[in-house]
Amino acid sequence: MTEKKFKTLDDFLGTHFIYTYDNGWEYEWYAKNDHTVDYRIHGGMVAGRWVTDQKADIVCLTEGIYKISWTEPTGTDVALDFMPNEKKIHGTIFFPKWVEEHPEITVTYQNEHIDLMEESRVKYATYPKLVVPEFAQITYIGDAGQNNEDVISEAPYASLPDEIRAGSYFDENYHRRNK
């Protein structure tokens, strides 16, 4: 786990995080570049979901504090505030009604099922949204570098976050050991 101090946007880009919300949901998230994020969900309502190349707005609000926001093809809106120097995040997820009622539809590699996400968004109710505002503790920070396709490159599985935290998942160049 890196112990670098975060100040600028460049310090943040290329960073890989694992964090657990106060409600127990565990997420893994990667600032792939200045406009794209990848993530895997290890615990919570949509555990098992993973996404690569999600377009996002990524800004440095002030020294060491970052805001990232995006809308998914599901219609879910996400706003994350990262405070990596304090190992804290505040996230708000705005789930459409259909995701709350049918989360299993989203538990997949979204990139291969965009049509299904968009069809579900039209087929099922989107309102009222389930708003989930939570603080999270960052349990891992890795310096993966920007545009590293190995960071989020396979479906989540039970021991994956612990393997990453233990240093057995990536090699010294931040590439997956077992492909």
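Guide: Nine strands make up an open sheet, in the order E4-E3-E2-E1-E9-E8-E7-E6-E5, with antiparallel pairing. Strands here are DSSP runs of E with at least two residues, helices are runs of H or I with at least four, and both are numbered from the N terminus. Two strands pair if DSSP finds at least two bridges between them. In general, strands of a sheet pair through backbone hydrogen bonds, either parallel or antiparallel. This is a predicted model, in which local features need pLDDT of at least 70 and side-chain atom pairs count only at pLDDT 80 or more, while totals for chains, interfaces and linings use all residues. Residues are numbered from 1 along each chain as its sequence is written, and side-chain values use heavy atoms, with hydrogens and water left out.

The edges of the sheet are strand E4 (50-55) and strand E5 (57-62); each has a single partner strand, so one side of each has no neighbour in the sheet. From one strand to the next, the twist averages 25°; for such angles, axes are lines fitted to C-alpha atoms, for helices over the stretch in contact, and the values run from 0 to 180 degrees between N-to-C directions.

The part to look at closely is E1. E1 and strand E2 (residues 26-33) run antiparallel and are joined by five bridges. Across that pairing, Thr20 stands opposite Glu26, and Tyr19 stands opposite Tyr27. The two strands form a hairpin with four residues between them, and Gly24 in the turn has a positive phi of about 100°. Towards strand E9 (residues 130-143), E1 makes seven bridges, again antiparallel. Here Phe17 has Ile141 as its bridge partner.

How enclosed is E1 by the rest of the structure? Six of its seven residues are buried, so E1 is largely enclosed. Buried means under 20% relative accessible area, exposed means over 50%, and partly exposed lies in between, with a 1.4 Å probe and protein chains only.

The structure holds 18 aromatic pairs, where rings of Phe, Tyr and Trp (its six-membered ring) pair if their centres lie within 6.5 Å; planes under 30 degrees apart count as stacked, over 60 as edge-to-face and the rest as tilted. The ring centres of Phe17 and Phe82 are 4.8 Å apart and the planes stand at 50°, so this pair is tilted.

Now the whole protein. It has four helices and nine strands, which follow the pattern α-β-β-β-β-β-β-β-β-α-α-β-α along the sequence. Of its 179 residues, 48% count as buried.
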